[in-house]
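I wanted to look up the ligand sites in this model and note what surrounds them. The entries follow the order in which I checked things.

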Amino acid sequence: MVVLKSPDEIGKIRQSSIIVAEILQGLAGLVKPGATTRELNNYAETEAHKRGARPAFKGYNGYPFALCTSLNQEVVHGFPSEHPLKEGDIVSLDFGVCYKDYFGDSAVTLPVGRISETAANLLRATEEALYRGINEAKENNRVGDISFAVQNHVERLGFSVVREYVGHGIGRKLHEDPPVPNFGVRGRGIELKPGMVFAIEPMVNEGTHKVKVKPDGWTVVTADGKLSAHFEHTVAITENGPEVLSTLV
Ligand code: MF3
Ligand code: CO
């Protein structure tokens, strides 16, 4: 069941999403060779609490950290660790909070110092695919229009989209209906209506779309060990088109 949100509720999801965006911006300033993802996790957790928000992922289905940090071949749900970042890495930072009973969720993938041309192309393609998807998040379209736009952009550039993990509705719960896949067919799926709020989150692989889960039960990695990137925004469907809630501009 898809829950429609009132303008007032969208305002609350915007407040949560802005907290997430501020913290991701702060984290971006800390990403450099020698920093550890555990330091990033601790920053995110502390900053959320300072703002009266609760990190949404910690304890969610038993996930043990506030932040997901996915390095290089890791796709999503990587554990923050004491292992230092090094020049040439790419690191995905995925963060969500609950503030005044509403959730916000966003992710970016960042370069650590100078990165390879392939890595830079992958990051650009993934962020562009997210915005292609966001542009389709409007009245009278269907979920499949978002999915198709993401997949089409990614595959045109020679990369692949992950199938096993998808975007989602968001509001009073972190994960609500509908699922928002990053692959699909135009004109399929439920019809989009003002008041729907989605987390759109393409996960894009350099090589095969296939993934596996590490023995820790959480860390998703590419099956071929090649790179993966992830970008996510919380987006409201309004009468005036898509509104990105998890942004500071
Ligand atoms: N942004 C991810 C999602 O929407 C993060 C979930 S991590 C988890 O699914 F730990 F909360 F599961
Ligand atoms: Co999400």
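This is a predicted model: local features need pLDDT of at least 70, side-chain atom pairs count only at pLDDT 80 or more; totals for chains, interfaces and linings use all residues.

Entry one, location. I looked for ligand 1 and found that it sits in the largest pocket.

Entry two, shell. I listed the surroundings of ligand 1: Phe57, Tyr60, Tyr63, Cys68, His77, Asp94, Asp105, His168, His175, Glu201, Trp218 and Glu232. By class, I get five nonpolar, three polar and four charged residues in this shell.

A nitrogen atom of ligand 1 lies 2.7 Å from a side-chain N or O atom of Asp94. For His168, I read 2.7 Å between an N or O atom of its side chain and an oxygen atom of ligand 1. His175 also places a polar side-chain atom 2.7 Å from an oxygen atom of ligand 1. I then checked burial: ligand 1 taken alone exposes 330 Å², and the protein buries 94% of that.

Entry four, metal. I found the cobalt ion (ligand 2) coordinated by Asp105 (OD), His168 (NE2), Glu201 (OE) and Glu232 (OE), at 2.1 to 2.3 Å. I noted the sequence spacing of these donor residues as D-x62-H-x32-E-x30-E.

What are the angles among the six donor atoms of the cobalt ion (ligand 2)? They run from 64 to 169°, and I recorded the site as irregular. For reference, six ideal octahedral donors give angles of 90 or 180 degrees.

Technical notes. Residues are numbered from 1 along each chain as its sequence is written. Chains are lettered from A and ligands numbered from 1 in the order in which they are written. Side-chain values use heavy atoms; hydrogens and water are left out. A residue is near a molecule or strand if one of its heavy atoms lies within 4 Å of it. A polar contact is a pair of N or O atoms within 3.5 Å; within protein, one must be able to donate a hydrogen and the other to accept it, and residues adjacent in sequence count only if both atoms are side-chain atoms. Accessible areas come from the Shrake-Rupley method with a 1.4 Å probe; for residues, only the protein chains shown count as cover. On a 1 Å grid over the protein atoms alone, a cavity is a set of points where a 1.4 Å probe fits but cannot get out, and a pocket is an open set with protein on both sides within 12 Å along at least five of seven lines; lining residues have an atom within 4 Å of a point. A molecule sits in a cavity or pocket if more than half of its atoms lie within 2 Å of its grid points. Ala, Val, Leu, Ile, Met, Phe, Trp, Tyr, Cys and Pro count as nonpolar, Asp, Glu, Lys and Arg as charged, and the others, Gly among them, as polar. Donors are N, O and S atoms within 2.8 Å of the metal (3.2 Å for Na, K and Ca); water is not among the atoms, so sites may look incomplete. Four donors count as tetrahedral if all angles lie between 85 and 135 degrees; four count as square planar and six as octahedral if opposite donors are over 155 degrees apart and all others between 65 and 115; anything else is irregular.
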